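Open the model in your viewer and keep the selection tool at hand. This tour goes stop by stop: what to select, and what is there.

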Amino acid sequence: MKAAPFSYVRAGSVAEACEWLRRDGPDAKLIAGGQSLVPMMAMRLTRPRRLIDINEIAALKFVAIEAAAARTGACTRQCVVERDDALAMRAPLLRQALAWVGHTQTRNRGTVGGSLVHADPAAELPLVAQVLGATLVLRSGRRARRVPAVEFFTGPLMTSARPEECLEEIRWPVWPESRTGSAFTEVSRRHGDFALVAAAAQVALDEEGRCVRASFGIGGGGSAPRAFPRIAKRLVGTRLEEQPVKDAAREAAGEMDFFGDLHAAADYRKHLAAVLAERALRAARAQARAIAVEG
Amino acid sequence: MADDLYPIAVEVNGVARRSQVLPRVSLVDWLREELRLTGTHVGCEHGICGACSILLDGEPVRSCLMYAVQADGHRVTTVEGLANPDGSLSVLQDSFCEAHGLQCGYCTPGMLIAAQGLLDTTPQPTEEQIREAIGGNLCRCTGYQQIVDAIQLAADRLAAPGKS
């Protein structure tokens with residue numbers, strides 16, 4: 001359970017990290033919190049020749065709230081995002097999801113960006129990125145490009161990030177509607193484990209309780225978490241009554257490409273997905289309804 | 001390259017330590033094998049069991065999920081650093097004895113570190129907060145109840161020194 005030999009370099013800036021990536025090509029790997037990479041290296045599932053440590057780059061650690069989006073640096077620790085009250089006000093799904101991510105000790109070290117780039121299909125934060133429609137800012141040298149979450153996650157542990165790119169920041173859209181509610185729920189074998197199935201939802205209501213905006217998604221056990229904008233759109237205009245919510249959840253679950261493993265059969269995952277998506281939508285609605293109408 | 005040694009300077013339990021390490025050496029292996037601080041235990045070596053928990057800059061992390069080279073410039077507290085300066089047990093450690101919060105003792109250093117991290121930020125934790133704080137630490141002996149009791153006892157004692 002020891003990593004294979006590798007060489008190590010501590011990058012002082014994103015530019016420096018990109019330069020090392022360019023020089024070493026696919027033999028090099030960036031390390032942020034290391035909460036997934038280090039175990040994989042210990043089990044020799046991966047053996048990079050060089051680790052480029054981005055933990056000491058201060059410019060990658062921040063939380064900034066803007067009108068339309070909350071921005072987090074790629075190397076911002078999960079515990080920092082979890083504790084940030086201003087962020088929880090504007091993008092509450094992040095804190096709700098982080099309660100399911102690992103344990104205190106891993107969230108103290110693990111980073112939000114690292115979880116996204118690792119792209120475990122059962123991880124919680126990629127699902128949040130899909131449901132909120134987050135944008136990932138990837139940098140290589142002087143060039144930066146913005147990639148929407150829906151184009152970023154391409155499969156299990158696979159993303160559209162290029163080998164020479166370093167994730168710089170994540171932009172989480174903030175919904176302007178005052179009556180916005182969200183929820184995250186999952187089933188895992190033990191609390192803190194990766195999800196067998198997870199679901200997340202965010203909805204906004206008008207003063208009469210009609211849905212004006214909805215987004216929801218499902219993760220765990222498929223090739224990548226995904227949101228269902230087409231199905232969610234049909235919830236707009238309803239009061240998120242039992243039947244439309246149930247129908248939407250069931251249709252979305254049917255679109256997931258679940259596979260079975262020794263923890264859960266594909267059919268069971270599909271069943272669970274419909275149940276959890278429904279619960280997430282209902283909990284998000286309940287939270288939005290609890291917010292008093294302004295004025 | 002891969003067999004190059006990297007210089008590091010780490011403050012461990014208040015003492016400045018300098019060393020030369022291979023990048024592949026985990027922080028827990030460095031603490032145990034080079035500094036001979038064998039209080040921190042190696043369990044699963046892949047971040048599941050929590051036995052290797054230490055405080056990094058005051059916050060609990062798993063020392064098997066970090067390389068020693070990454071601790072350069074940081075502050076580490078191991079279970080050895082929890083005791084009072086005269087070597088006597090801290091209130092938290094003594095509470096584990098008092099409440100029978102251990103049996104075989106393998107998980108205990110990690111439990112103590114997780115509990116210390118909790119009490120540092122939450123001096124009066126609820127039972128739920130205690131269970132959440134030690135949720136990443138496996139114990140195969142106690143069934144956890146006495147560990148929860150021990151942490152609660154420590155919190156009570158620290159809140160009202162002199163009593164109990």
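**First stop: a helix in chain B**

The buried residues of α1(B) pack against β2 (15–21) of chain B. Contact here means that the C-beta atoms of two residues, placed from the backbone, lie within 7 Å. Helices (H or I, at least four residues) and strands (E, at least two) are DSSP runs, numbered from the N terminus.

This is a predicted model: local features need pLDDT of at least 70, side-chain atom pairs count only at pLDDT 80 or more, and totals for chains, interfaces and linings use all residues. Residues are numbered from 1 along each chain as its sequence is written, while chains are lettered from A and ligands numbered from 1 in the order in which they are written.

Now select residues 27–34 of chain B, helix α1. Which of its residues are buried? They are B:L27, B:V28, B:D29, B:W30 and B:L31. A residue is buried if 20 or more other C-beta atoms lie within 10 Å of its own, exposed if 12 or fewer, and partly exposed in between; the C-beta atoms are placed from the backbone.

Step just past α1(B) to B:R36. Its phi is positive, about 60 degrees.

**Zoom out: all of chain B**

From the N terminus on, the order is β-β-α-β-β-β-α-α-α-α. Its C-alpha atoms fill a box of roughly 55 × 30 × 25 Å along the principal axes. Of its 164 residues, 47% count as buried.

**Where the chains meet**

Bring chain A back. 25 residues of chain B are in contact with 25 residues of chain A. On the chain B side, select β4 (59–62) and α3 (108–121), the elements that give two or more residues. β4(B) provides the largest share, four residues. By class, this side of chain B has eleven nonpolar, eight polar and six charged residues. Ala, Val, Leu, Ile, Met, Phe, Trp, Tyr, Cys and Pro count as nonpolar, Asp, Glu, Lys and Arg as charged, and the others, Gly among them, as polar.

**Chain A and a helix pair**

Chain A has twelve helices and 14 strands. Buried residues make up 53% of its 295 residues. The C-alpha box is roughly 60 × 45 × 30 Å, along the principal axes.

Select helix α11 (residues 242–255) and helix α12 (residues 266–289) of chain A. Their axes come within 8 Å and cross at roughly 140 degrees. Axes are lines fitted to C-alpha atoms, for helices over the stretch in contact, and angles run from 0 to 180 degrees between N-to-C directions. α11(A) and α12(A) are therefore oblique to each other. Angles under 35 degrees count as roughly parallel, over 145 as roughly antiparallel, 65 to 115 as roughly perpendicular and the rest as oblique.

**Last stop: A:E278**

Stay in helix α12 of chain A and pick A:E278. Is it buried or exposed? A:E278 is buried, with 23 other C-beta atoms within 10 Å. Not counting residues up to four places away in sequence, A:E278 touches A:V245, A:K246 and A:A249. Finally, find A:A200: it is 78 residues from A:E278 in sequence, and 9.5 Å away in space, C-alpha to C-alpha.
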